[in-house]
Amino acid sequence: ERALFWSDAIVPAIQEVNQFIAAQAGDGVTVLDAFTLLQGENGKIKPEYSRDLLHLNPQGYAVLNQQFVPLLGESADNPR
């Protein structure tokens, strides 16, 4: 149903925001590139990870958690 409202301007906007977020990484700031983990064709989330190209399903969250949980452990081991 959302595909009816999908604009070609969305993909470049997502890329721009993700580049800004990635640029925030530095001392004391870790950025998890969730988009790269979930990205499918044409800059959209892989269908198997999404309910509607925007919201994640349980499989999408599982993929994120596989990367996110170890980062939490590293953070707990190295508090600042």
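**Close-up views of a predicted model**

**View 1. Asn57 and its polar contacts.** The side chain of Asn57 lies 2.8 Å from the backbone nitrogen of Gly60, and 3.0 Å separates this side chain from the backbone nitrogen of Gln59. A polar contact is a pair of N or O atoms within 3.5 Å; within protein, one must be able to donate a hydrogen and the other to accept it, and residues adjacent in sequence count only if both atoms are side-chain atoms. The model is predicted: local features need pLDDT of at least 70, side-chain atom pairs count only at pLDDT 80 or more, and totals for chains, interfaces and linings use all residues. Residues are numbered from 1 along each chain as its sequence is written, and side-chain values use heavy atoms, with hydrogens and water left out.

View 2. Asn57 sits in the loop between α2 and α3 (58-77); helices (H or I, at least four residues) and strands (E, at least two) are DSSP runs, numbered from the N terminus. Asn57 is buried, its relative accessible area being 15%. Buried means under 20% relative accessible area, exposed over 50%, and partly exposed in between (1.4 Å probe, protein chains only). Beyond its neighbours within four places in sequence, Asn57 is in contact (heavy atoms within 4.5 Å) with Pro47, Glu48, Tyr49, Ser50 and Arg51.

**View 3. Val29 in its loop.** Val29 belongs to the loop between α1 (10-22) and α2 (34-38). With a relative accessible area of 38%, Val29 is partly exposed.

**View 4. The whole chain.** The protein has 3 helices and 0 strands, and its elements follow the order α-α-α from the N terminus. Of the 80 residues, 15% are buried.
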